[in-house]
Amino acid sequence: MINKDKIERINFLARKKKAEGLTAEELEEQQSLRAEYLEAVRANLKSQLDSIEIMSPDYEESYTEEDKTHIAEMNEKLAVEYEDAKRKERMSVTEAGNPRKPQGEAGKMMIERMNESHAEMTAWALDKLNLKPTDKVLDVGCGGGAALKRLSGRIDGGKLYGIDYSEVSVEASKELNKADIESGKMEIHQGSVSKMPFEDNLFDAIITVESYYFWPDLEEDMREVFRVLKEGGTFMLIAEMYLNDDLDEHHIEMARKFELRNLTVDEFKALFEKTGYKETKIHLKDGKYWICVEGKK
Ligand SMILES: C[S@@+](CC[C@H](N)C(=O)[O-])C[C@H]1O[C@@H](n2cnc3c(N)ncnc32)[C@H](O)[C@@H]1O
């Protein structure tokens with residue numbers, strides 16, 4: 001429960017960080033207090049929004065034309081405000097959790113949220129992935145493990161692997177996929193995409209969702225992914241934005257704020273070709289900036 005003392009402590013730690021820096025313990029405390037604060041703001045916002053009642057159309061006959069116009073305008077305004085508040089709140093959760101390498105309580109909360117917020121895009125892209133039940137599939141930068149869980153339903157006799165260099169992500173993926181790990185159907189490793197603990201030509205398919213933005217040396221890291229992919233196997237890179245002239249303010253701001261790498265369609269094609277993929281297909285989603293780049297080795 002966030003109270004006055006905790007808010008004062010948050011402010012104190014922020015002032016101290018600016019003036020003289022924080023100890024490791026204080027940094028941890030700051031992260032945890034901020035996460036708690038964000039959760040409280042979120043719950044408050046949600047309860048306020050839940051209590052808004054849009055007037056029932058049953059009473060429509062008693063409205064004047066003026067009332068109707070007013071209600072329509074209010075509904076539109078509320079919808080815009082609601083979307084804006086949700087977006088801002090998502091941004092602050094992401095900021096506190098560090099999407100580059102999720103850490104601490106705030107990181108845990110962020111990847112749980114990402115499991116939800118990336119679900120639609122991940123489903124859209126993975127529907128295009130041709131898999132046999134006996135395939136071996138790797139998810140690079142597996143975060144909270146939701147993509148692996150989604151794939152689990154399509155694998156029978158094969159095996160799923162996840163790798164992520166964040167301890168918090170590895171823990172969350174393990175927790176979400178406990179049953180598959182215990183049965184030996186899945187393995188989650190802590191490690192970097194730059195040097196993966198897998199033999200050459202091991203996987204039938206490799207995916208990565210919302211992670212390439214952060215890889216330290218994209219060309220080298222792409223070669224490392226290529227190394228562990230089988231001849232004839234597929235690598236699928238999935239991202240919720242690519243650089244293009246129509247990109248909106250929100251995505252431009254996200255890329256700036258989180259220092260995200262952001263390639264154009266042509267740059268993706270060139271990168272996949274240079275890495276050695278024989279065939280590269282680009283899928284774009286109508287009305288979104290989603291991109292799914294599919295390379296065949
Ligand atoms: C924005 S999160 C996305 C997580 C998940 N794939 C999803 O869609 O929800 C990015 C993930 O990539 C991981 N990551 C970033 N750079 C990495 C690297 N060099 N090696 C391994 N994992 C990395 C981060 O730790 C984080 O878990």
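Predicted model: local features only at pLDDT ≥ 70, side-chain atom pairs only at ≥ 80, totals over all residues.
Local features require pLDDT of at least 70, side-chain atom pairs count only at pLDDT 80 or more, and totals for chains, interfaces and linings use all residues. Residues are numbered from 1 along each chain as its sequence is written.

**Exercise 1.** Determine the order of the strands in the sheet and name its edge strands.

*Solution.* Step 1: strands are DSSP runs of E with at least two residues, helices are runs of H or I with at least four, and both are numbered from the N terminus. Two strands pair if DSSP finds at least two bridges between them. Step 2: seven strands form an open, mixed sheet in the order β3-β2-β1-β4-β5-β7-β6. Step 3: β3 (186-190) and β6 (279-284) each pair on one side only, and they are the edge strands.

**Exercise 2.** State in which sense, parallel or antiparallel, β5 and β7 pair.

*Solution.* Step 1: β5 (residues 229-239) and β7 (residues 291-296) share six bridges, in the antiparallel sense. Step 2: within these strands, Ile-238 stands opposite Cys-292 in β7.

**Exercise 3.** Identify which residues of α9 are buried and explain how they are arranged.

*Solution.* Step 1: a residue is buried if 20 or more other C-beta atoms lie within 10 Å of its own, exposed if 12 or fewer, and partly exposed in between, with C-beta atoms placed from the backbone. Step 2: Asp-221, Met-222, Val-225 and Val-228 are buried. Step 3: these buried residues line one face of α9, because they fall within an arc of 130 degrees seen down its axis; the arc is that of the directions from the helix axis to the C-beta atoms. Step 4: on the other side of α9, Glu-219 and Glu-220 are exposed.
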